[in-house]
2 protein chains.
Amino acid sequence: MSLDHTLSALADPTRRAIFQRLSGGEARVTDVAERFPISLNSVSKHIRVLERAGLVHRRVAGREHLLTADRRPLDELAAWVEQTRAFWSSRLDALEALLAAEDDPECKEQP
Amino acid sequence: MSLDHTLSALADPTRRAIFQRLSGGEARVTDVAERFPISLNSVSKHIRVLERAGLVHRRVAGREHLLTADRRPLDELAAWVEQTRAFWSSRLDALEALLAAEDDPECKEQP
DNA sequence: AAGATGTTCACCCAGATGGGTGAATATTGC
DNA sequence: GCAATATTCACCCATCTGGGTGAACATCTT
């Protein structure tokens, strides 16, 4: 499942910041890096992780690498979260129904 | 930010499965473990990670540890995802507006 | 051709992770 | 008191991670 990569990529605050930065539009590696207190090399590695997760794409133009963010893995993540929450709600609803049914357990014995 | 722990905890498929399993209601460590091909010890460690993220809580009853899932970190995650997507949409809207404005650049020169 | 710029590659390092095993601890039940 | 059960603790191991540095490579500019 690609959720693995999406979640682990977004689990790092630096990568979340890079991703949100790229939501603002195309940027070079250097442009992204200058906002962070870590080395250019480290930022480059973070970008590679985001690429592996499909959250960022790269377009090489000469010596510059132009990066763009891709929202689709985020959509997939949102779908998983909502699905999990929905499943949960249904379980809670079932529990409530069960408790309600147990509230008057004589309904079967007193027709 | 607690998102760090939530995301990295959910980045592992075994832990997502444990979490979803616990959405079905309270269960013991052994109950959870028997559904997975890994050792009880490893499951215990996964549970500790989920606890650190606040996704799971533990209630000790005698020699049994009863586990329950907590949906609140998931709500927090959903909020972050939606916020990021909303920010993105606003950026895209702004971009579309910009492109639309550039579609008729003579509007200022031809009153 | 030579230098400056943008980016990655190949390492090093400390620490976390995910898996395992075997022993320790706590509780229940006989 | 003693055996079985439920769980964790203390390790071992290979791998990944996030940071660093210095060198290499590719490209632009002069």
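A residue is called buried when its relative accessible area is under 20%, exposed when it is over 50%, and partly exposed in between, using a 1.4 Å probe and the protein chains only. The model is a predicted one, in which local features need pLDDT of at least 70, side-chain atom pairs count only at pLDDT 80 or more, and totals for chains, interfaces and linings use all residues. Residues are numbered from 1 along each chain as its sequence is written, chains are lettered from A and ligands numbered from 1 in the order in which they are written, and side-chain values use heavy atoms, with hydrogens and water left out.

We can start with the salt bridges, where a salt bridge is a side-chain nitrogen of Lys or Arg within 4 Å of a carboxyl oxygen of Asp or Glu. Over all chains, the search finds 18 of them. In one of these, A:Arg72 joins A:Asp70, with 2.7 Å between the closest N and O atoms. A:Asp70 is buried, at 9% relative accessibility, while A:Arg72 is exposed, at 57%.

A:Glu26 and A:Arg59 also meet through their side chains in a salt bridge, with an N to O distance of 2.9 Å. A:Glu26 sits in the loop between α2 (13-23) and β1 (27-28) of chain A and A:Arg59 in strand β2 (residues 56-61), so this pair ties together parts that are 33 residues apart in sequence. Helices (H or I, at least four residues) and strands (E, at least two) are DSSP runs, numbered from the N terminus. A:Glu26 is partly exposed, with a relative accessible area of 42%, and A:Arg59 is partly exposed at 45%. In chain B, a salt bridge links the side chains of B:Glu26 and B:Arg59, at 2.9 Å from N to O. This pair connects distant parts of the chain, namely the loop between α2 (13-23) and β1 (27-28) of chain B and strand β2 (residues 56-61), 33 residues apart. B:Glu26 is partly exposed at 41% relative accessibility, as is B:Arg59 at 44%. Finally, a network of salt bridges links A:Arg71, A:Asp75, B:Glu82 and B:Arg85.

Two strands pair if DSSP finds at least two bridges between them, and β2(A) and β3(A), which run antiparallel, are joined by 6. The sheet is open and has 3 strands in the order β1-β3-β2, with antiparallel pairing. Its edge strands, β1 and β2 of chain A, each pair on one side only.

DNA strand C is surrounded by 22 residues, the closest being A:Thr30, A:Ser44, A:Arg58, B:Asn41 and B:His46. Of the atoms of DNA strand C that come within 4 Å of the protein, sugar and phosphate account for 59%. At least two residues of the surface near the strand come from each of α3 (29-33), α4 (40-52) and β3 (64-69) of chain A and α4 (40-52) of chain B; α4(B) gives the most, with 5 residues.

Phosphate oxygens of DNA strand C lie 2.2 Å from a polar side-chain atom of B:His46, 2.9 Å from a side-chain N or O atom of B:Arg15, and 3.4 Å from a polar side-chain atom of B:Arg52.

Key. Near = heavy atom within 4 Å. Polar contact = N/O pair within 3.5 Å; in protein donor to acceptor, adjacent residues only side chain to side chain.
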